[in-house]
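Okay, thanks for making time, everyone.

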There are 2 protein chains.
Amino acid sequence: MTSLDQLVRLLAKLPGIGRKSATRMAYHILNSDSDYADSLAHYITEMRERIKPCSVCGSYTEVDPCDICTDQRRDHSMVCVVETAQDVAVLESARVFPGIYHVLGGVISPIDGVGPDDIRIPRLLERIGEGQIREVVLATNPTVEGDTTALYIARQIEGIEGVTTTRLALGLPVGGDLEYVDRMTLERSLRGRTQV
Amino acid sequence: MTSLDQLVRLLAKLPGIGRKSATRMAYHILNSDSDYADSLAHYITEMRERIKPCSVCGSYTEVDPCDICTDQRRDHSMVCVVETAQDVAVLESARVFPGIYHVLGGVISPIDGVGPDDIRIPRLLERIGEGQIREVVLATNPTVEGDTTALYIARQIEGIEGVTTTRLALGLPVGGDLEYVDRMTLERSLRGRTQV
């Protein structure tokens, strides 16, 4: 195997990248100026060395605690619970949530042997216990595991005075077409209908 | 900019990769074990250092001349002329051509100031001059520049005794649908119709 083949093999492991795209990418790197290839290799290594999970919220950061956790202009009474650090990036780039985050780092999944204590649920309860949080927005994915995890967390919080739990709404995607929406989404969307 | 943002910016420059895919790729690298990230960075650097153009055919290789040029089981009387080194890889993985290759490293394009001597046409004529080549298969892309380049090369070879020039056939792609084929391709396909 040449180093080109090796690189294609590694690139093809990236999400959404097949063998053909990986080959095009490798040739692009080969054809581009060496500055580009050097920077690419450099930042892959540097990112792995410098970016760590925030000790408070669990999202990726170069400084600990992260910029979001220490930002006093944000609403520290609302915490949005997500499955992965990437979900934080998605919500942040959409600029829709004014509060702070909590990354679970997974979902409860008995089949895979993942229980509540294997993901960052105890740390979430600990944060809630500090007393500043008033609303927990459960933003796990609308899948069986995501729903189970949300339900489990909601049950844990139930007894805590002054803390409400909410879940992201389910429904039609904006700009979507009824024809292409699955039955489950349609049903949830109908059940959650709002007055106009 | 964090190292994560830097990496996303660099990955988004790869062909076919937008900002969203680049972000997913960067997070995948961040989430994977450090062996993967290390290998990826390593092979990007190693590939750039070790892979060079073959001094004979111009395709990418770690040994010079390349394995194809020195393979005596291949037909050295047929040379397939392509635009890029990647085209060689495409033809090789399809295992359809038994001869050897010549990579032009571009196409004639007056608008971009690229003349015949700026791409590896003189080297092609030099190789033909060595006397072993009997057929030159022009496999430049069926674009204005590719056709111009093929025509120019064909003209240069015209006078050489015992050397024929051919061009890849144009027509419908196998498995294609008439409905989705453009008018030009349909016309060429009709003109090049064969008896059944």
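Predicted model: local features only at pLDDT ≥ 70, side-chain atom pairs only at ≥ 80, totals over all residues.

Residues are numbered from 1 along each chain as its sequence is written, chains are lettered from A and ligands numbered from 1 in the order in which they are written, and side-chain values use heavy atoms, with hydrogens and water left out.

Reading from the N terminus, the order is α-α-α-β-β-β-α-β-α-β-α-β-α.

What about its dimensions? The C-alpha trace of chain A spans about 60 × 45 × 35 Å along its principal axes.

Of the 196 residues in chain A, 39% are buried. Buried means under 20% relative accessible area, exposed means over 50%, and partly exposed is in between, with a 1.4 Å probe and protein chains only. As for contacts in chain A with a separation of 6 or more, 45% come from residues 24 or more positions apart, a contact being heavy atoms within 4.5 Å.

Now the helix pair. In chain A, helix 5 (residues 121–129) and helix 6 (residues 144–158) have axes that come within 11 Å and cross at roughly 35°. Those axes are lines fitted to C-alpha atoms over the stretch in contact, and angles run from 0 to 180 degrees between N-to-C directions. Who makes the contact? On helix 5 of chain A it's I121(A), L124(A), L125(A) and I128(A), and on helix 6 of chain A it's T149(A), Y152(A), I153(A), Q156(A) and I157(A). By class, that contact has seven nonpolar, two polar and no charged residues. Nonpolar is Ala, Val, Leu, Ile, Met, Phe, Trp, Tyr, Cys and Pro, charged is Asp, Glu, Lys and Arg, and the others, Gly among them, are polar.

Over to chain B, and V79(B), which sits in strand 3 (residues 75–82). Is V79(B) buried or exposed? Buried, with a relative accessible area of 0%. Leaving aside residues up to four places away in sequence, V79(B) touches several others, including F97(B), I100(B), Y101(B), R127(B) and V137(B).

Last, the backbone. Keep in mind that most peptide bonds are trans, and most residues other than glycine have a negative phi. Yet the bond from D64(A) to P65(A) is cis, with omega near -5°, and P65(A) lies in the loop between strand 2 (60–61) and strand 3 (75–82) of chain A. In chain B, D64(B) and P65(B) are also joined by a cis bond, omega about -5°.

Then there's R95(A), not a glycine, but with a positive phi of about 50°. You'll find R95(A) in the loop between helix 4 (85–94) and strand 4 (99–103) of chain A, exposed at 77% relative accessible area. R95(B) has a positive phi too, near 50°, and is exposed at 77%.

Note on methods. Helix = DSSP H or I, 4+ residues; strand = E, 2+ residues; numbered from the N terminus.
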